[in-house]
Amino acid sequence: MSTQVTIILPNVLETIGLRHVLEELSTVSINCLTEPSSLLTDAVDKTDWYITNESIFLSHLAFFLPYKDKTVVLTQQPTQFGTTPRLLCVNDAEEAIISSIGRLLNSHEETHSQSKLTQREIAVLKLVASGLTNKMIADNLNISINTVLTHRKNITAKLGIKSVSGLSVYAIMNGIITA
Amino acid sequence: MLLVNKETKLSDIVIGDPTIVTVLNRFGIYLGVGDHTVKSVCALKGLDPDFFITILNTYLFPDFFPEKIMESFKASIIIDYLNKTNDYYEQFQIPNIERHFSFLLQKSNSVNSNLTLMMKFFVEVKSELLARIAHDRNRWFPEVLKLKEVSAHSCPIPQIPEDSNSIEDKIDDLINMFVIHLKGDYDINLCQGVLVALFSLKKDITQNNRIRNRILKPLSEVLSRQ
């Protein structure tokens, strides 16, 4: 299956350039938008990488934080490629930019453990990690306690993490909640 | 490996599972065991061979069910072993993990904040374990020892719920964070060092919890009602 990339940029020329580089480097499926709100739920589930700029990232933090590990933010200033979210300077040399994007496409397998969680499981995990009880989570998401327990069981099975403290650490590590 | 008995050679036990060395240390037995059998080393060190064999089999075989055998031992001998186990966690295993973890953090790329978070999680587990050890040492064990001549065999052992085992769960979580979720740059050797130390602690605590929860806890419940 090809890597799914969603480019969210207001500048058409920048989008065309990025699309060209991505298609040159690998077999990718690209979705181009000007803001995340126009992204369909189905496309959110399938996206392996988001590429956006600083202003869109900052103005849509609530959307991007859960996907921090699979987001690349284009910046104007030179920076280190490897933080989360990954930062990519648009003023770097052509070779450096292509090399960074190449590494990005090769490493998308690394994000798969988290992407195995469904949107609902991520929502439950977020509330568990924030310290809510099962009853509070059920009320918050308007689901039954049994459904919450099922989600928790699935989360533990997928992540291999059982304790609330451990789930909180995982959620912070993956940008699902902030420390 | 076969169940340990009085004629089993210590060297065969260690070669079969080298992690057993940490248990032998608690009985004053160290590497360089020569040709000693369980029987001869117990005579040399003044150990109760039946208790020694039971502890070794409990550690080596997760399915070994020591309850019936343990019932015949006095609470004092069980507590003495659990005290030595706690000392070992406190003086060797926890500092060993901490030392490796600190080196790992120093050697890793500063942008790898995941390791810092995992270290904080380990500190939480450590605090919980040390609190349990303090409670054992200052409250639970002294209370049981007040009736030290009573053996488990002299009273019926009721079924009571086990501990929440949250320490075990959290160590498991930490191990899985290393095995499944580790990202970024890190020193491979130091990382494996932390992982092996965590596995060793986990195995030890799991076996130790069986003795605590299934033997000493029911016994102390009975004694406290007398």
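Author: The answer below begins with the contact between the chains, then goes into each chain in turn.

This is a predicted model, in which local features need pLDDT of at least 70 and side-chain atom pairs count only at pLDDT 80 or more, while totals for chains, interfaces and linings use all residues. Residues are numbered from 1 along each chain as its sequence is written, chains are lettered from A and ligands numbered from 1 in the order in which they are written, and side-chain values use heavy atoms, with hydrogens and water left out.

Chain A brings 17 residues to the contact and chain B brings 15, where contact means heavy atoms within 4.5 Å. The size of an interface is often given as the accessible area lost when the parts come together. Here the buried area is about 1400 Å², and carbon and sulfur atoms give 61% of it.

Side chains of opposite charge can pair when their charged atoms come close. A salt bridge is a side-chain nitrogen of Lys or Arg within 4 Å of a carboxyl oxygen of Asp or Glu. By that rule the interface of chain A and chain B has one salt bridge. B:Asp169 and A:Lys162 form a salt bridge, with 3.7 Å between the closest N and O atoms. On the side of chain A that touches chain B, helix H10 (residues 164-173) gives the largest share, six residues. That side of chain A divides into six nonpolar, eight polar and three charged residues. In this count Ala, Val, Leu, Ile, Met, Phe, Trp, Tyr, Cys and Pro are nonpolar, Asp, Glu, Lys and Arg are charged, and the others, Gly among them, are polar.

Eight of the ten residues of H10(A) are buried, and among them are A:Ser165, A:Val169 and A:Met173. Buried means under 20% relative accessible area, exposed over 50%, and partly exposed in between (1.4 Å probe, protein chains only). After H10(A) comes A:Gly175, whose phi is positive, near 70 degrees. Chain A has ten helices and five strands in total; helices (H or I, at least four residues) and strands (E, at least two) are DSSP runs, numbered from the N terminus. Of the 179 residues in chain A, 46% are buried.

A:Thr47 is another place in chain A to look at. A:Thr47 sits in the loop between helix H2 (41-46) and strand S3 (49-53), and A:Thr47 is buried, at 3% relative accessible area. Beyond its neighbours within four places in sequence, A:Thr47 is in contact with A:Gln4, A:Thr6 and A:Lys70.

The structure has 14 salt bridges over all chains. The side chains of B:Asp35 and B:Lys9 meet in one of them, at 3.8 Å from N to O. B:Asp35 lies in the loop between helix H2 (21-25) and helix H3 (38-45), and B:Lys9 in the segment before helix H1 (10-16), so the pair ties together parts of chain B that are 26 residues apart in sequence. B:Asp35 is exposed, at 63% relative accessibility, whereas B:Lys9 is partly exposed, at 32%.

B:Glu128 and B:Lys170 meet in a salt bridge of 2.7 Å, N to O. This pair links distant parts of the chain, with B:Glu128 in helix H7 and B:Lys170 in helix H8 (residues 166-179), 42 residues apart. B:Lys170 is buried, with a relative accessible area of 10%, while B:Glu128 is partly exposed at 24%.

Helix H7 (residues 113-145) of chain B also holds B:Phe141, which is buried at 2% relative accessible area. B:Phe141 touches residues including B:Ile79, B:Leu82 and B:Leu216, not counting residues up to four places away in sequence. B:Phe141 and B:Asp80 are 61 residues apart in sequence and 9.2 Å apart in space, C-alpha to C-alpha. B:Asp80 in turn forms a salt bridge with B:Lys84, at 3.4 Å between the closest N and O atoms. Both B:Asp80 and B:Lys84 lie in helix H6, four residues apart, about one turn of the helix.

How values were computed. Buried area = accessible area lost by both parts, 1.4 Å probe.
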